[in-house]
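Please read them with the structure open.

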Amino acid sequence: AIFTESIALAAVVGDRVLYADLVNNLGAIMNMRGMAERALELYAESLEIYDAQNEIRKAAYTRNNIAITFLERGQLDGAFNHFKAAGEVALQIKDASLALIVNINLADLCLRRGALADAKLHCLAAERHLVENGLRNGHLVEIKKIAGKIAVGESDIIAATNIFNEALAISREVGAKYQEAEI
């Protein structure tokens, strides 16, 4: 109800970007609630506004959200296209945070496709960013989890065990309980 009221208020005052931000966030909420169709409608509406307002960065993050929704629905080609578009923008505007999440998402997508070499490349790119910036967080846990799955896919059980153990240690270190449970 608060989002609906806020969206209506943004429309009344004519702040198109704020309106798109609120619609986009509502899309994320709908996606978390399992309402993927509604989420995609909201993402599309916000993306149209971002593109019209030349909000390149926000449009790229929205494309990443769309891709995540497609990925969760098993629509891998659509997910790939949106991730790639978001990744290209991340490089163009030098947005390291966006590049990081896109690489993690592409690693997951490539793993699901069975493209282990491509998954490994995206994992390494994401890990390189975190290591270069001295970051040990949930993103690193996620990367290690994917890397462990890649090692399993390559039938390298010893490497997989070592990587999963490292992911487990990092998840405990940073307090990522949900990821700890997954690993």
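1. Basis. This is a predicted model: local features need pLDDT of at least 70, side-chain atom pairs count only at pLDDT 80 or more, and totals for chains, interfaces and linings use all residues. Residues are numbered from 1 along each chain as its sequence is written, and side-chain values use heavy atoms, with hydrogens and water left out.

2. Helix H2. H2 has 17 residues and spans 24 Å from first to last C-alpha, close to the 24 Å expected at 1.5 Å a residue (1.5 Å times one less than the number of residues). Helices here are DSSP runs (H or I, at least four residues), numbered from the N terminus. Gly 34 follows H2, with a positive phi near 85°.

3. Packing of H2. Its buried residues (under 20% relative accessible area, 1.4 Å probe, protein chains only) include Val 17, Leu 22, Met 30 and Asn 31. The buried residues of H2 pack against H1 (2-13), H3 (36-52) and H4 (56-72).

4. Asn 31. Asn 31 lies in H2 (residues 16-32). It counts as buried because its relative accessibility is 14%. Beyond neighbours within four places in sequence, Asn 31 contacts Ala 36, Ala 39, Tyr 43, Ile 68, Thr 69 and Glu 72 (heavy atoms within 4.5 Å).

5. H5 and H6. The axes (lines fitted to C-alpha atoms over the stretch in contact, angles from 0 to 180 degrees between N-to-C directions) of H5 (residues 76-93) and H6 (residues 96-113) come within 9 Å and cross at roughly 155°. H5 is therefore roughly antiparallel to H6 (over 145 degrees). The contact includes Phe 80 and Phe 83 of H5 and Val 102 and Leu 106 of H6.

Methods:
Helices (H or I, at least four residues) and strands (E, at least two) are DSSP runs, numbered from the N terminus. Buried means under 20% relative accessible area, exposed over 50%, partly exposed in between (1.4 Å probe, protein chains only). Angles under 35 degrees count as roughly parallel, over 145 as roughly antiparallel, 65 to 115 as roughly perpendicular and the rest as oblique.
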